[in-house]
Amino acid sequence: MIAYVVRRALVAVLLVFAVSSASLVLTRLAPGDFVTESLGTHASREAMERMRERYGLNKSIAQQYRDWLAAAVRLDFGYSLQYDRPVRELIPERAANTAILAVTALGLATVIGLPLGVLSGSRRSGALAALVRAASVVLLSMPPLLTSLFLVFVAARTGWFPIGGMSSAAVTGGGALLDLVHHLVVPAAAVGLPLAAMLERLQAQATTDVIGEPFVLATLARGVPYSRVVWRDALKPALRPVASVYGLIVGTLLSGSFAVEVITAWPGLGKLMLDALRARDVFLVAGCAGTGAIFLAFGTLFSDLILGLVDPRARE
Amino acid sequence: MRANSRTVGIAIVSVAAAIVFAAPALAPRPIDARFPGALNAPPTVPHVRDDDGAWHAPFIYPWTLANRLEQRYEQDRSVRVPLAWFENGHVVQSSDETRAPLLWLGTDTYGRDVFSRLVFGARVSLGLALAAALGSMIIGALVGGVAGYAGGITDDVLMRLTDFVMVLPGMYVALALRAVLPLVLPAEVVFALLAVIFAVVGAPFIARGVRAIVRSERTLDYAVAAEALGASPARLLIRHLLPSTRGFMAVEITLLVPAFIVAEATLSYVGLGFPDPTASWGTMLRDASNIRAFADFPWLLSPAVAMFVVVLGLNLAVQNQRAHGTIL
């Protein structure tokens, strides 16, 4: 088990390294740099050269990459040109915001999706199961971009929820947490509901499959009530295929939260990276991409552990 | 129930396809025609009865600006403008296009007809998604086919690579690849560029499945026989093995198309998609990205509804229970 975790950690380090290096080099290769993007085309040649020298943008790509790498080993990820602050200071706050959004959405999706999946998967007929199925098909056709637009629309019309941002300026102290939760509802639902639909469909399919197996028939024949079989005996084997999807969901979660962050003005990693890409803020782009890769690595590791919990065969 | 919903899905997709083909006839005007006196004007609803209760052929009341600052409009009930059917190469228009235009879905912030832009935008958005899905299919078939046929190290390397691309959040990859190129490009270049980027991001999902199918088909008698008869690897792969992945491909494409529709919308929404005045569903949503659109001009959000309907139609048509929708 320890060897397994170590191996996964090594792969994760490699992933983070590859992703941040690639994004640094790609951003440097892009036409235009931070200087042209921020000074515009009318700046004098001397002013541009001075600025390039100050930020080290006049060095060759190879030289800049070497410098960045040497510093990164000491956990110094360079300076954001746009914010004039170290990347190391900028990212944690934004990354935490994205993590709050993603984890809440995943929790929401699990809590809503799995039980409803067991319910609709264990009943062939019935109004409730049909309703759940229909709701899932509708939500599957509403990716986070559309759910967030729809929810913001509802919020703007009804005034039930704030339509953007993460906190109200006026609220401090004990009310702050409540305020955060209030702001979190729309973005978390926007990311979480399509995921819930996906989990519901998977869980329903898995439950139906397991119920068809001989051991369920045998248990029923011994007189165990149907609902008890569904919710206890069939539950664990039915969770296996669903648990194996969680590893793929992490990427989905990050992609989905990007659209939602932009639309609901949630100050997360996606929004930071978008701004950095637009301004050709090379080190910040590399930092954001690397952080995203860290999320990804943790997510897949976490999902492997969950899979190991419900499926002994996966522990090998 | 299942058969019914499937029929509904097929109907939706057929209507969407028909709209794409008939766009120039359906749209009352080109995408960049502006009505400077009617910014953010609401839809004109066709009436058949006037205020006195008399019946007429379908007609509209023109909008008059009631409050320029708030962009509030009122119907001018004194003038009836009849609709003109099948004239000038358009299915239906107002008989007085310059002063009282027929606006099925109102106008946007620049005074452009939302319905016309939506219909022409369908060509761009759906065309791009389809082109990208076909691209994914070609790349995926190539990579998966070679990996499954060759086996060994080639297989290992190619599959590690696809696993790597698959685990990356597709939206970020597309974003990064798009952003390293000049931010403002002509529309045709953006179309080709996005199609290639999406094709690359979507290809691993196809490559994996193709590889599995090719691997198992390879050992079947007909493949062995073809090989024994001297078929070259390329011929064996293209003539015999890849055709067996048709069913899988068909399903995969219907999963990728919705994902690509949404990906285009997301990129255009954040300003990395098509330039103005090109109409795509994403650029239209970007124009709607302000609070007044949500509160006062809901017709600006019609591309979002169109996107939902098309994706739902595709999902119903193939009875899709999964979603690639959020992969990109």
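The crossing of helix 3 and helix 4 of chain B is left-handed, a label used when the near helix is turned anticlockwise from the far one by less than a right angle, with right-handed for clockwise. This is a predicted model, in which local features need pLDDT of at least 70 and side-chain atom pairs count only at pLDDT 80 or more, while totals for chains, interfaces and linings use all residues. Residues are numbered from 1 along each chain as its sequence is written, and chains are lettered from A and ligands numbered from 1 in the order in which they are written. Helices (H or I, at least four residues) and strands (E, at least two) are DSSP runs, numbered from the N terminus.

**Helices 3 and 4 of chain B**

- The axes of helix 3 and helix 4 (residues 152-167) of chain B come within 7 Å and cross at roughly 145°; axes are lines fitted to C-alpha atoms, for helices over the stretch in contact, and angles run from 0 to 180 degrees between N-to-C directions.
- V143(B), V146(B), A147(B) and A150(B) of helix 3 meet residues of helix 4 including G152(B), L158(B) and T162(B).

**Nonpolar core**

- The largest nonpolar core has 174 residues, of which V285(A), F198(B), F260(B), I261(B) and M307(B) touch the most other members.
- Helix 3 (residues 114-150) of chain B gives the most to this core, with 18 residues.
- Such a core is a set of buried Ala, Val, Leu, Ile, Met, Phe, Trp, Tyr and Cys residues joined through C-beta atoms within 7 Å.
- A residue is buried if 20 or more other C-beta atoms lie within 10 Å of its own, exposed if 12 or fewer, and partly exposed in between, with C-beta atoms placed from the backbone.
- Neighbours within four places in sequence aside, M307(B) is in contact with L146(A), I261(B), V262(B), A265(B) and W281(B); contact means C-beta atoms, placed from the backbone, within 7 Å.

**Helix 12 of chain A**

- Helix 12 (residues 269-279) and helix 13 (residues 282-310) of chain A pack at an angle of about 150°, with their axes 9 Å apart.
- That angle makes the two helices roughly antiparallel; the term covers angles over 145 degrees, with under 35 roughly parallel, 65 to 115 roughly perpendicular and the rest oblique.
- Helix 12 of chain A passes helix 13 of chain A in a left-handed crossing.
- In helix 12 of chain A, 8 of the 11 residues are buried, so the helix is largely enclosed by the rest of the structure.
- Its buried residues pack against helix 5 (87-122), helix 11 (235-263) and helix 13 of chain A, together with helix 5 (170-179) of chain B.
- R280(A) follows helix 12 of chain A and has a positive phi, near 55°.

**G78 of chain A**

- G78(A) lies in the loop between helix 4 (61-73) and strand 1 (79-80) of chain A.
- G78(A) is buried, with 22 other C-beta atoms within 10 Å.

**Sheet of chain B**

- In chain B, 4 strands form an open sheet in the order 1-2-5-6, with antiparallel pairing; two strands pair if DSSP finds at least two bridges between them.
- Strand 1 (47-49) and strand 6 of chain B stand at the edges, each with a single partner strand, so one side of each is left without a neighbour in the sheet.
- Strand 5 (residues 81-87) and strand 6 (residues 90-94) of chain B pair over 4 bridges, and W85(B) has V92(B) as its bridge partner.
- In the hairpin of these strands, with 2 residues between them, N88(B) takes a positive phi near 55°.

Conventions:
Contact = placed C-beta atoms within 7 Å.
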